[in-house]
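I opened the notebook to record what I looked up, one entry at a time. The sequence and the structure come first, and my notes follow.

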Amino acid sequence: PVSRTPEIQATRIELPVVAEEQKIMEAVHNHDVTIVWGSTGSGKTTQVPQFLFEAGYGDPKGPSPGIIGVTQPRRVATVSMAKRVGEEMGDMKHRVGYKIRFDGTVTANTAIKFMTDGVLLREVSQDFSLAKYSAIIIDEAHERGVNTDILIGMLSRIVNLRKDMAKTDESVKPLKLIIMSATLRTADFAANSRLFRETLPPVVKAEGRQHPVSVHFSRKTKVGYVEEVFKKVKRGHEKLPPGGMLVFLTGQDEIWSVAKQLKQAFPSTSAQGSGAKVAVSAEETPPEDEDIALNTEQSNQWDAESDSDEEITGLDEDEVEDEFDIGEEKEFEKLSKVHVLPLYSQLPTKQQLRVFDSPPPGSRLIILATNVAETSITIPGIRYVFDTGRAKSKKYDRETGIQTFEVGWISKASAAQRAGRAGRTGPGHCYRLFSSAIYEADFKEFQDPEIIDAPLEGVVLQLRSLGLKSIVDFPFPSPPDVKSLLKAERLLSYLGALSTDGAVTVTGRALSAFPLSPRLGRMLYLGKNHKIVALSIALVAALAVPELFIPQSQLNLGDEEHEFDEEDDDRIDELRKSYNASHATLSRWDRTSDAIKLLTALCASAHATDTEAWATSMFLRPKALKEASMLREQLTSIMRTQSPGAIGSYAPRIPQPTDKEIKMLRQIVAAGYIDQVAQRGDLSPHPPELHRRPKRAIDVPYVTLLHSTDSSAGSSNGADANDSSKYVYLHPSSVLARTAAKNLPQYIIYSRLQRSASSVPGKIPKVRMHPLTPVS
Ligand code: ADP
Ligand code: MG
């Protein structure tokens, strides 16, 4: 009983998934688990939930009264897809809702609920049978995020549980599971008899009428790909017939830099109020990997003129005569204007949705996007794709504990997805900014599942809390190695969350009630015991949100509102001065602890009359700050229910902590990161031989006590301090970076180790630690 507008009807008919409605629904009726495979844009996300709805799922009076849950790995897609499905359903719009952390539109009337996979995971821990759902759709399963993998493992069991319950209890209905993927790498699910013990799920294909896309490799692969992609898009706009362009970059900074250059090169449409203001909207999304800024050492290298022409390999291929001679449409109307739109997860939803509108007449649509446009969001009218071949991702080395946000090559499967974006509406072209030699040699077939290299302590605690006896037997679609699982268990017992026999302790249960990593949960628990609840909640909230401070390296990038010219040195100088001043202000409670500095920032923000303006003036990211405040409020209310009397109602303004309290907070931080201690190299049992005493604090070598930074280099101590694999150094953003080298503390607790990607081949950058606090 859904009445759709004629326009919506017309676009639906075109979608390959709609052509397969009957096949899909038959598979769902006849099986507990169904896998739907269809290339990006074929209509999986928007249509499959509606098929279920029209078949009676989510109808409180029907035979499958539970609601339809749809999970997404990205918050961006959760919100925008719920909106789109709502629009498509016309007068049934009110039956569609979404839920992301801190935001949602779900009501008692909701039949289709879009949510992030993290939201569903928490619901599983509250009700393992997921009684309120009749069907769960796990979307974008090919991305293989940790949450998705864990959910698929759990749901494979929940489906059986619900079937068994339904046999004896008439009020319980079976649960349908639908796994949707954009790549054909479904074997990890479809042919996995550990996961699906009784019958393997059927795979329904919805093959799109994909138009041919000609792929053009570059002859050479340049290091400075941002500069290179700008030049290429510029030439392309001048030479190519009309058609939208989609450019894949790795992050927000690059997007703004290319946007700025394009708008300088061509007349642009966006003068009429496109301002990508750093506005905070109701549907703002917390940062994902692509939003994390890389450190100074690296970003500077992108700008360096000398680097941008450097080649990654000298392998030459045949010279292409005219890269944009596509041998068709010799006569066409030249477009003069460009309609440049950014697309990344931090962008407010309203602005993201602009990519779906047609560009103003006489202009060419140019979308500058991150990975979001690879499979989660399909943009109409794209004829040309420019692919840098890179993406930013979080890497975690389990042996060493080193985490990196690096720009690296995407997989061949991802490159194919990106190229495919050009063939939705007609034949298209994909220009790759790398050579076929690099592609063949350095691109993996598929991306590794995230669980293969992510911290596991949260996962293990959650599985244990659900009463799982043996984590090793959990049906992971791709099991992480046993050693890593054991290591996570060891950390959990350091934190007091697991007893020696692996059972969840009272502490463990208490800390798993919070939507936090076990480390931060442990800190809250200690804060409660030491009766500094309000302060420790604020501390944990400030620590939980990544990138509260705008990195100094991003100062001169500007955005659409404040564009600086590179020559504007005075301006930049002044900016740098006030940047340093505000950081000095924020370190006034404690000059040596970065953790306390974060706490100070969050507490101070509560005193501002206009928080957003204050944040901007203090070089804090308004969105991150807002998220930290909301988390603070949420943690307060969980604490109030969990331990009545521990804390009063939420009061954002709290008195400045006494010295004694600060000392206690520092000890609490140390307890949460008990295994991440570094000792000053020259005070360690085997001091390094230094040619020269380092002058700058950031050159002073530290040795980590529990994680070795390079376990494979088993050999030993007293080695050359330049051997970057053995020592770790302060990250330049730390408050300690300003300390005189000789006054640096003997022991430092750090939150993570990081090595930036090397953009100069052969040179390995130093491992940097992000200090939290000295221990004294
Ligand atoms: P899939 O999930 O298989 O990748 P989708 O269901 O996301 O496919 O998209 C199906 C079609 O709907 C695509 O052609 C896409 O361009 C279109 N679409 C999705 N969201 C919107 C929107 N907000 N406005 C207009 N068209 C949209
Ligand atoms: Mg989709």
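Predicted model: local features only at pLDDT ≥ 70, side-chain atom pairs only at ≥ 80, totals over all residues.

Entry on the core. I looked up the largest nonpolar core, which has 185 residues. V540 is one of the members that touch the most other members, together with V247, I367, L368 and A542. I also checked which element gives the largest share of this core: helix 20 (residues 533-544) does, with 11 residues.

I wrote down the strand order as 4-3-5-2-6-7-1-8. This sheet is open, and its pairing is mixed. Strand 4 (103-104) and strand 8 (203-205) are the edge strands, each pairing on one side only. Next I followed strand 8 to its partner. Strand 1 (residues 33-37) pairs with strand 8 in the parallel sense, over three bridges. Within that pairing, I35 stands opposite V203.

Entry on two helices. Helix 5 (residues 75-88) lies across strand 2 (67-72), strand 3 (96-100) and strand 5 (112-116). Helix 5 runs at about 170° to strand 3. Helix 6 (residues 117-126) also lies across strand 2, strand 3 and strand 5, and runs at about 100° to strand 5.

Entry on ligand 1. I found 16 residues around ligand 1, of which K44, T45, T46, R84 and F356 come nearest. Helix 4 (44-54) and helix 5 are the elements that give two or more residues to the shell. Helix 4 gives the most, with four residues. I sorted the shell by class and got four nonpolar, 10 polar and two charged residues.

Entry on strand 13. Why is strand 13 (residues 382-387) largely enclosed by the rest of the structure? I looked up its burial: six of its six residues are buried, so the strand is largely enclosed. Then I looked up its pairings. Strand 10 (residues 244-248) pairs with strand 13 in the parallel sense over five bridges, and F248 stands opposite D387. Strand 16 (residues 428-432) runs parallel to strand 13 and is joined to it by four bridges. There, Y384 has H429 as its bridge partner.

Note on methods
Residues numbered from 1 in each chain as written. Chains lettered and ligands numbered in written order. Core = buried A, V, L, I, M, F, W, Y, C linked by C-beta atoms within 7 Å. Buried ≥ 20, exposed ≤ 12 C-beta atoms within 10 Å, placed from the backbone. Pairing = 2+ DSSP bridges. Contact = placed C-beta atoms within 7 Å. Axes fitted to C-alpha atoms, helices over the stretch in contact; angles between N-to-C directions. Near = placed C-beta within 6 Å. Nonpolar A, V, L, I, M, F, W, Y, C, P; charged D, E, K, R; others polar.
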